[in-house]
Amino acid sequence: MKLIKHIFILLLAIAPIFALAQDEDEITFQAKVSKKKLGLNERLRVDFEMNKDGDNFKSPNFDGFTVVGGPNQSVSHSWFNGKRNFSKTYSYFLAPKQMGTSTINQATIEIDGITYKTSPITIKVTKPIEVPEDPNDPDYILKESIHLVTEVSKTNPYLNEPITVVYKLYVAPKAGISNFREIESPKFNGFWSQNINIKGLKAQEGTYDGEEYRYVVLRKAVLFPQKTGKLQIEPLSLDLTIDVPTNKRDLFGRRITNQAHRTITANPRSINVKDLPLEGRPDNFTGAVGDFDFNVSVSKTDLNATEALDAKIEVSGNGNLKLFELPKFKAPSALEVYEPEHEENIRTNLSGMQGKISDNYTIVPQFKGKFPIPPVTFSYFDLKTETYKELSSEEIVINVLEGPAYADADNNLPTNTSGKQPVVLNENQFAFIKTKSNFSSIKEEDFFNTTAFWTGLLAPLLAIPLALVYRRKREERNADVVGNRLRKADRLAKKYLSEAKKALGNKEAFYIALEKALHNYLKGRLNIETTDLSKEKIKELLLSRNVEKNVILDFETLLKHCELARYTPMTQVAMEQDYNNAATTISIIDKQLK
């Protein structure tokens, strides 16, 4: 009886040890939020925490919120009573878009080959919270000292008349901004738009509401309205890092500032587009608006049949050069006219489009004679006089010196507007009667003892040794742990490079996929874990495997771009260049690794 009692006490003593060991092996992945109820003008912090490192972290879409910060990554290692504690966190800062109830959906991550998911979290967004007007409050500074303005050159243009849109950020001398990034780019629905590149942001002196301000031009665009009526120019939204002064001072007596993130949106603008007048509109009008010159020319007028000549219809000047069609040639049917080659030489600035467009035709005469090309007319709407103008070319006569005769006369040939050529009879009009036949037997052959019969009978027997060989090779492949790791890394790298290519233009998604591709490639090729993916470790391993220093530098630059892209704006050209550099660098490392 005493023995049973001692065994029972021993079991009670070691039970917590087993429970503790079980807890150590338990993997957790959970989402935490700073608050579940917030005002429309407040910010929300979301942390995704795990107690063991994983791969291929995928955040939710954050529907109903705008990501104003993150993802920020932090890793923590600690030891307590001989026990190692590990924690890794992905943090996001969100701004609600509207009042109501929103849900932070599930995030996923792969740990030891198993996919883990967080639980959804419901967030309630209420009306903006009123705060007292404190000169050192970031909301007060944003309201009184920082302004994002949309400037439009004209609010009542004609259809296809160019207007300019300029976005300016005004900052009072007493306020300061450390950084900014675009949250939502303006969409110009109903307009044909062309962005004007800005080479470097330069601070300039100006006035806002009669007071002195500094301002910077963020965006410029030229718009051509494509429909009439009231059109809306959507605003530009920015996430600002505002310098907020405090009551503390440093050793030199200068006031210490803190930083706060706030969202600012430009004022929306409405444009009332007028239709072009119907009075005096020519029948051949195709939508050209501006101030143009018109010219029709040919490379030569005297030639022989089957020789080619070049003809050009050209429009030059200022206006919507990309948005209308050039008139067509109406040549006699005896002239074979090929489809034109369209050329454009256009530059776009704040005053609109300038340059020229042309259609280049190749014309080949088929018969001897004189063939007139009728005048070609072009019409456009002149914005200066607000009237239609019509320009016409001279008649051009093509003199074909040698070649077969066409009908009875040289001149007054019918004009071909359909592009079809007349049928000309020749000595090969009818085909010869066939004198040989090709008969085939209609008697059916027996299936037994045919090639198909023996193939179907012997093929399964021959497939047995092939299946055995395939199975053996498959078992050898599965046993090759290092090879499987390399193949998996290559597949993941190609997968995420493909995702990065699809996400070109979407900065966040592109650089997340590109970073995953680079990390997965290195993990497989260098046989290292995610926790060892430091820049120093990567450089050391690559140098030991005889990879050239300039290639390693290119790889480190790509990783740096992936990090910087979270906090700085990136252009489409920069993303395409980083994608091409990533593919090239991975290929070079593959060849140099030994």
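Reply: Three strands make up an open sheet, in the order E2-E10-E7 and with mixed pairing; strands here are DSSP runs of at least two residues and helices (H or I) runs of at least four, numbered from the N terminus, and two strands pair if DSSP finds at least two bridges between them. The edges belong to E2 (37–39) and E7 (100–104), each with a single partner strand, so one side of each has no neighbour in the sheet. From one strand to the next, the twist averages 30 degrees, taken between N-to-C directions of lines fitted to C-alpha atoms, on a scale from 0 to 180 degrees. E2 runs parallel to E10 (residues 121–126), joined over 3 bridges; Gly-39 has Thr-126 of E10 as its bridge partner.

A word on the source: this is a predicted model, in which local features need pLDDT of at least 70 and side-chain atom pairs count only at pLDDT 80 or more, while totals for chains, interfaces and linings use all residues. Residues are numbered from 1 along each chain as its sequence is written, and side-chain values use heavy atoms, without hydrogens and water.

Now to the helix, H7 (residues 549–564). Val-551, Ile-552, Phe-555, Leu-558, Leu-559 and Cys-562 of H7 are buried, meaning under 20% relative accessible area, with exposed over 50% and partly exposed in between (1.4 Å probe, protein chains only). These residues share one side of H7 because they cover an arc of only 115 degrees around the axis, judged by the directions from the helix axis to the C-beta atoms. Lys-549 and Leu-553, on the other side of H7, are exposed. Thr-557, also in H7, is partly exposed at 32%.
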